[in-house]
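Hi,

Here is the structure I promised to pass on.

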Amino acid sequence: MSVKTGQHRQERIDRGIRIRSDGIYALMSWRELSYLTVPRLALIVGMLVLPLVLPGMYWQRVVSIACIYALLAISFDFLAHFVGLVCLGGAFFVGTGGYLAAILNTSFGLPPLVTIPLASILGAALCTLLLLPCLPLRGVYFAIVSLMYPLFAMRVIEALNILGGTDGILGIDSFSSRWVEQYTVIGAVLLFLFGTRRLVNMDIGLVLRGVKDNDQAIRASGMNITRYKTLAVFIASAMGCMGGAILVHIYMWSGISQFALDFSILPIAATVIGGSGTLAGAVIGCLILVPISELLRDFGTLRIVFYAVILMGFIVFRSEGLLVYGQRKYHQFQRWTRL
Amino acid sequence: MEILIYGTINSAALALYALGFAMVYGVSRLPNFAHGALFVLSGFMTWYFLNSLELNYFISIILTLIATGVIGALIYQFILIRIRGMEISEIMATYAMGLAILEGLRWGGFKGMTYTLPAFISGSVDVFGVSVDYQRLLVVVIGGAVVGLLWLFTHYTRMGLALRGMAQDERAALMLGIDSDRMALVAMAFGSSLAALAAICLLPLGNIVVEAGYNVLILAIAVCIVGGLGSWMGAVLAAFLIGFAQILTVVYLGAHFQMVVALLAIIVTLIIRPSGLFGRQKELEERV
Amino acid sequence: MKIKELRSLVVLLVAFFMILPAGPAAAEKPIVIGAPLSTAFLYGWAAERGMKLAVDEINAKGGVKVKGAMRPFSVVVIDTRDLEPGVPVSDALLAVEKLILDKKADFIIGGPVRSEAALAAMPLLSKYKKVSILTTGVLTPAYHATVEKEYDKFKYCFRIHGEAKNLVGEIFANFDELKELYKFNNLFIISQDVSHARGAANLVKDIATKKGWNVTGLEIYPTGASDFSMGLLKAKNTQAEIINIWMDMPESAILLKQWYDLKIPALPFGSTLAAAEQPGFWKATDGKGEYTLCNVVNAGNAPSEATPWTMKFYNAYTQKWGVEPEGLGSSSSYMAVYVLKDAIERAGGLDSVKVVTELEKTDVMGVYGRLRFNPKSHQVIPATDPKEGAVGSILQWQAGKRVVVYPKSIATGSIQLPPWMKK
């Protein structure tokens with residue numbers, strides 16, 4: 001993006017400190033180290049401290065819900081920008097994880113801290129199995145199928161009246177205390193965020209990104225694309241299922257409305273606004289959107305119109321998102337140079 | 001006999017829902033997730049012209065068709081043109097727009113179940129011993145007319161041929177001097193008007209509610225996938241397939257499973273023949 | 001006057017007005033009623049309007065007497081959107097929590113409106129020990145059954161409107177009458193695929209079969225289905241004389257219009273047929289809704305003389321909101337506020353446990369009869385005579401008006417058959 005004005009143009013170059021903190025040179029001094037670690041530490045410490053500083057239980061609950069949405073957003077971002085699969089049905093993961101956790105808790109009596117990981121893994125296996133038919137396909141098909149699945153699941157449960165039907169499953173245990181509840185979910189978010197970031201920079205991550213950019217090249221290298229896509233979907237759905245399992249334990253209830261469209265759409269909006277392609281952007285987007293959504297509750301339906309319009313605006317005009325913009329400003333600067 | 005007649009009616013309804021979506025996708029590869037929203041919006045517009053402005057029914061219909069077409073064109077020109085080609089963004093932007101329109105209508109006071117459009121003709125008639133009401137017969141007639149006119153339009157008029165060329169092969173069309181953006185604009189306007197037409201024919205059967213927007217979208221997508229994204233004739237054929245499947249399910253299995261049929265059809269299609277009945281996207285045939 | 005003198009005058013005036021005692025209602029802290037409702041839907045906004053009408057009336061008379069002071073009510077409504085299909089129940093629960101924790105609601109009246117959400121909200125209400133009176137929407141018998149089963153945990157939950165089992169009983173009273181009068185014997189049931197509708201439909205089928213009715217079909221339609229042709233044709237072909245409809249989705253209008261156009265010789269007898277409850281139904285269907293029967297669950301939602309208060313409420317509502325009471329939720333929400341006022345005054349305070357005890361002792365002659373709660377299940381006690389308990393209302397659309405045809409004690413008309421059904 002350069003603008004010619006007379007004999008000058010704008011150019012964007014990396015900041016000095018960025019180059020100085022590349023690789024092993026980061027250990028040179030505290031300044032370089034802090035340049036690299038401060039943003040990450042700010043996020044981690046900020047999130048860990050959040051439950052302690054918020055006024056009142058209501059806002060703490062809002063943060064828990066935001067973190068559940070954040071798990072979904074990370075999974076969406078991971079699939080969309082690192083594997084090329086647009087998943088419009090995050091609600092399916094939430095519902096599956098939620099129901100599994102509910103069943104494990106009420107029928108087998110397992111405590112919440114056991115049902116959550118168990119439900120995530122079992123749920124991920126189930127979701128991946130169900131999404132398997134459309135993994136070999138490209139383009140917009142995965143998006144549509146994943147959009148349909150939650151609706152399908154809702155109808156099936158309604159029609160067959162299984163799993164509590166439209167009443168849902170009640171009587172699920174809650175967490176032993178407020179703090180356990182919040183730190184579980186915040187811990188999960190931080191774990192998955194940084195874990196996924198590490199994943200996409202390893203070899204497997206490279207293959208996944210190759211699948212997104214040029215799958216024929218991956219195929220030509222003799223690697224089975226479907227296998228890698230399956231792995232990616234497994235990881236993403238594990239995150240979603242964990243979100244669902246935690247939700248069920250917070251509210252002590254599980255029902256077909258866990259497959260609601262809201263769980264699919266809000267993570268997407270958060271990713272777009274927060275910065276697509278950077279997993280942390282998804283988390284930040286959620287932390288912004290959910291509280292704003294709550295604050296706007298007084299406006300009733302207008303709040304949905306509001307965030308749909310904002311989402312549209314961001315997609316069309318500022319599709320890079322907040323975090324990408326922030327990163328750019330942090331790492332680079334613009335200046336005028338002579339031609 | 002009843003199955004035949006009501007199956008045809010159901011199929012005609014599905015075809016009307018799906019044609020708008022199929023047209024837009026076929027010409028410009030743009031999945032218009034605001035289709036359902038435009039459907040509901042045009043219903044409320046007709047209601048407004050009819051009841052608040054007290055215009056003649058026929059004039060209200062014509063005005064709505066034109067207005068919805070214009071809205072579609074504006075949406076394309078100001079929003080979609082900037083993100084054309086980026087699939088993820090297109091889907092999300094059109095979905096967000098649909099959401100904004102639907103929730104905006106709800107906030108604007110269009111809630112409750114008392115908004116309806118009057119039927120064109122009231123009463124019923126016996127066809128081969130089965131009683132059918134006039135409005136439903138009209139749906140079949142209008143549906144057939146639309147398909148027929150669409151066929152004629154795309155085979156014998158310049159604009160129609162240009163649209164068809166665009167749908168078949170974008171590069172070749174560009175080489176022949178057909179402007180891709182202009183064609184996409186026209187397709188979007190047409191698609192929106194088709195959505196409005198569907199609304200006008202089908203909404204008098206019941207009432208206008210915002211929730212119908214989501215249902216219409218799902219049905220339109222289901223029909224288009226089964227028929228092959230991008231093929232208009234495929235959409236019509238798929239409408240018949242799904243329409244009859246639904247009616248047969250209701251009669252023999254139980255009304256319970258009606259909606260499941262549509263969703264099942266999509267999944268089966270994707271497993272067996274991903275490009276749908278008449279899909280021309282041969283790349284999909286090559287599984288990755 | 002010079003500036004300095006002006007300033008001191010202003011200060012004196014302000015001090016004077018601050019010392020003056022303000023009006024009694026304005027000086028006292030209001031009692032906050034939290035109302036989690038789905039305001040974009042009939043059952044939600046009807047409840048909101050009923051509640052606000054009652055609150056305005058009570059505040060105009062001075063408010064609620066608590067420990068010698070008169071405190072006004074104030075209503076905080078939050079739209080839970082829980083009747084929308086795409087919204088998760090957790091949204092509704094978050095709204096309830098916002099009311100309790102953020103808006104400091106003292107009592108919860110009204111919702112959540114969806115059965116699933118209301119059941120899920122019970123543990124929340126028990127956790128925060130907030131008294132809640134459910135007044136609209138939730139029809140599932142599971143609600144008061146849960147209260148009875150775990151009384152100590154869920155004693156804060158009350159329901160002041162009729163529930164599905166009552167409705168079934170009322171319907172059968174009418175069916176029996178129709179059987180006697182017109183020798184009807186064939187029954188066709190159409191229901192929506194939601195828990196309370198499906199449960200009720202199956203119950204109706206069982207009871208009908210035991211009573212000798214010939215049930216010619218039971219069709220369950222998923223939410224969002226828009227084509228009922230085959231169902232209606234089946235009803236016609238099997239000579240059904242009554243079609244029992246359990247549907248509160250908007251697509252019921254499609255069903256009713258088609259029934260009229262095809263002139264099916266069967267009486268459409270609906271229960272919680274939300275589309276048909278509203279005064280605007282007649283115009284909306286161009287009169288094709290005539291002869292439709294529907295159950296508005298409690299008297300007062302349609303004009304009748306159940307008690308002296310009924311028409312007073314009816315007319316007050318019409319005057320304030322410009323439309324007649326619209327359906328399930330209007331009269332029950334109105335009464336809930338009055339019943340709560342009564343309980344607070346007898347308890348002498350806002351303490352939840354004391355209010356619960358007083359609510360159990362409620363015995364008020366309200367808009368739809370004598371209101372008492374079952375002390376074990378906290379469900380309002382129903383009856384067919386307004387002097388005994390809470391009466392329901394079944395109305396039929398006749399010549400553009402909603403005519404109450406049941407119970408006989410308050411009926412203003414009787415069931416009419418459409419002209420093409422006259423034998």
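α1(B) supplies the largest share of the lining of the second largest cavity, six residues. Helices here are DSSP runs of H or I with at least four residues, strands are runs of E with at least two, and both are numbered from the N terminus. Please keep in mind that this is a predicted model, in which local features need pLDDT of at least 70, side-chain atom pairs count only at pLDDT 80 or more, and totals for chains, interfaces and linings use all residues. Residues are numbered from 1 along each chain as its sequence is written, chains are lettered from A and ligands numbered from 1 in the order in which they are written, and side-chain values use heavy atoms, with hydrogens and water left out.

Back to that cavity. Its volume is about 520 Å³, and eight cavities of 30 Å³ or more turn up in a search of the whole structure. On a 1 Å grid over the protein atoms alone, a cavity is a set of points where a 1.4 Å probe fits but cannot get out, and lining residues have an atom within 4 Å of a point. Grid points are joined across faces, edges and corners, and a volume is the space filled by probe spheres set on the points. Of the 31 residues in the lining of the second largest cavity, Tyr17(B), Ala225(C), Ser226(C), Asp227(C) and Ile254(C) are the closest to its centre. The elements giving two or more residues to this lining are α1 (2–28), α9 (212–227), α10 (232–253) and α11 (258–272) of chain B. By class, the lining has 19 nonpolar, nine polar and three charged residues. In that count, Ala, Val, Leu, Ile, Met, Phe, Trp, Tyr, Cys and Pro are nonpolar, Asp, Glu, Lys and Arg are charged, and the others, Gly among them, are polar.

Next, the contact between chain C and chain B, where contact means heavy atoms within 4.5 Å. Chain C brings 41 residues to it and chain B brings 36 residues. About 3100 Å² is buried between chain C and chain B, with carbon and sulfur atoms giving 55%; buried area is the accessible area (1.4 Å probe) that two parts lose on being put together, summed over both. Met230(C), Pro250(C) and Asp261(C) account for 19% of what chain C buries against chain B, more than any other three residues. Two residue pairs are in polar contact between chain C and chain B, both at pLDDT 80 or more. A polar contact is a pair of N or O atoms within 3.5 Å; within protein, one must be able to donate a hydrogen and the other to accept it, and residues adjacent in sequence count only if both atoms are side-chain atoms. On the side of chain C that touches chain B, α11(C) gives the most, with six residues. That side divides into 19 nonpolar, eight polar and 14 charged residues.

Chain B and chain A bury about 3900 Å² between them, 83% of it on carbon and sulfur atoms. The count between chain B and chain A is zero for salt bridges, and zero for residue pairs in polar contact (both at pLDDT 80 or more).

Over all chains, the salt bridges come to 22. One of them joins Arg20(A) to Glu32(A), with the closest N and O atoms 3.2 Å apart. Arg20(A) sits in helix α1 (residues 16–20) of chain A and Glu32(A) in helix α2 (residues 30–53) of chain A, twelve residues apart.

Two backbone details to finish. The peptide bond from Tyr406(C) to Pro407(C) is cis, with omega near 0°, and Pro407(C) lies in the segment after β16 (401–406) of chain C. Arg29(B) has a positive phi, near 55°, and is placed in the loop between α1 and α2 (35–52) of chain B. Most residues other than glycine have a negative phi, and most peptide bonds are trans.

Best wishes

Terms used
1 Å grid on protein atoms, 1.4 Å probe; cavity = no way out; pocket = protein on both sides within 12 Å on 5 of 7 lines; lining within 4 Å. Salt bridge = Lys/Arg side-chain N within 4 Å of Asp/Glu carboxyl O.
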